[in-house]
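Morning, everyone. Please look at the screen, and I will walk you through a few loop residues.

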Amino acid sequence: MTFSVLHDLVEDLRHARPTLWAGRSDAEHSSQVIDAAQVQQAVERFERFAPLLARLFPELQVAGGRIESALQPVPQMQRALQLPEQMGRLWLKADHSLPVAGSIKARGGVHEVLEYAEQIALQHGLLADGDYLQLASDAARAVFARYQVAVGSTGNLGLSIGVMASALGFEAVVHMSADAKEWKKQRLRARGVQVVEHAGDYAQAVAAGRALTDRDPHCHFVDDEHSLSLLLGYAAAAPYLVAQLAENGIAVDETHPLFVYIPCGVGGAPGGMALGLQQAFGPHVHCFFAEPVQSPCFMVEMLAGASALPGLEAHPSVYALGLNNRTEADGLAVPRASELAADVVRGFLGGVFTVADETLFRHLYLLQDSEGLQIEPSAAAGFGGPRALLESAAGRDYLQRQKLQAHMANATHIVWTTGGLFVPGEEYARFLARGRDLAN
């Protein structure tokens with residue numbers, strides 16, 4: 001990327017204009033070595049705990065304790081977005097309907113709590129017979145009650161951590177930022193989770209939670225910015241998506257590219273899933289992260305690694321560009337990206353694009369109007385991806401560099417929707433009305 005192109009991109013960011021940065025450079029490499037065996041360990045941990053999860057959460061009984069979502073075609077949404085058939089087919093990975101936590105955070109958040117519970121259980125001899133159902137016993141809950149699980153969150157991660165930790169009997173504490181939705185706080189409190197409110201943003205809530213728990217050896221802080229366990233929990237989604245693609249007869253190879261568009265906050269969730277998919281499909285999968293125009297922390301992190309432009313020092317914040325980090329997409333209101341996630345995906349990430357809040361609401365409405373699906377604003381971010389890729393200069397350059405133009409008619413595009421199941425009716429009605437006004 002030339003200096004002038006990079007300068008123009010940063011100017012778009014500074015002025016909160018929707019833009020796309022395309023990556024995947026041979027010059028970029030991750031210093032992290034995370035192999036498929038580590039991801040498989042996370043998959044196996046979910047499998048070991050499946051009977052227990054089915055007992056703790058009745059909504060998981062039909063699925064045998066597995067927390068998974070459907071992969072479904074959305075042809076009506078493709079038409080509503082005016083995306084041509086020549087681009088391939090549009091699909092949706094429906095994590096907005098994930099049980100237990102109601103969002104993509106059920107993957108990473110639940111995995112980290114399960115890993116911690118497993119460690120405690122083994123230390124106390126609770127799994128001597130290998131029966132994970134024993135962890136629902138009064139004796140196990142009494143042990144877990146001596147420990148605290150804490151997290152800093154804008155909402156959805158807090159829900160997944162709080163609900164899972166509380167269900168096992170841990171003392172659960174969620175430090176929430178000022179932009180977290182009130183209904184999410186109420187839902188946590190109804191589950192017996194202690195909610196600590198902070199006046200600042202996501203980063204301040206995380207810092208405060210980390211400081212309060214660092215001194216307590218019986219407290220486990222789920223650190224969204226640095227947690228490998230979270231990232232592996234998200235990566236564990238990849239084998240199931242691989243199976244779903246096969247079930248639907250969808251090939252992924254040199255002439256059948258796969259594009260995946262994932263909303264991005266701090267980066268752990270999309271980073272983990274991009275890692276898992278890259279391990280499965282190598283160069284034939286192209287993952288793009290979606291961010292609000294006022295909270296493009298992951299794009300800023302990627303740019304900081306590639307330039308020395310003023311204001312983009314190592315590990316910068318969106319505030320360095322004069323942005324305010326205010327967005328209706330509360331799950332994406334993050335000022336600084338995870339260095340771990342950024343390092344993991346640096347060598348193979350397709351790119352990052354930004355979306356205006358108005359577009360989030362318009363796409364939220366179009367999805368309901370065309371397919372009858374209910375999501376929250378954060379989850380709508382990915383729908384801007386195909387157009388950004390096909391119509392922007394950076395997107396067209398990416399397709400040319402990757403030699404994909406001749407194969408686009410065979411492409412599969414998956415928008416990963418990340419939350420919405422538990423949004424209160426009156427809140428969703430407000431989202432829908434705003435989107436309808438913007439769409440008409």
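One definition to begin: helices (H or I, at least four residues) and strands (E, at least two) are DSSP runs, numbered from the N terminus. With that, find Val100, in the loop between β3 (89–94) and α4 (105–123). This is a predicted model, where local features need pLDDT of at least 70, side-chain atom pairs count only at pLDDT 80 or more, and totals for chains, interfaces and linings use all residues. Residues are numbered from 1 along each chain as its sequence is written, and side-chain values use heavy atoms, with hydrogens and water left out.

Back to Val100. Its phi is positive, near 75 degrees, and the residue is not a glycine. Is Val100 buried or exposed? Buried means under 20% relative accessible area, exposed over 50%, partly exposed in between (1.4 Å probe, protein chains only). Val100 has 2%, so it is buried.

Next, Ala16. This one sits in the loop between α1 (3–14) and β1 (20–22). Ala16 also has a positive phi, about 55 degrees, and is not a glycine. Its relative accessible area is 22%, so Ala16 is partly exposed.

Last, Ser69. Look in the loop between α2 (36–56) and β2 (71–73). Ser69 is buried, because its relative accessible area is 7%. What does Ser69 touch? Contact means heavy atoms within 4.5 Å. Leaving out residues up to four places away in sequence, Ser69 touches Lys93, Ala94, Asp95, Leu98, Arg107 and Gln244.

That's my tour. Thanks.
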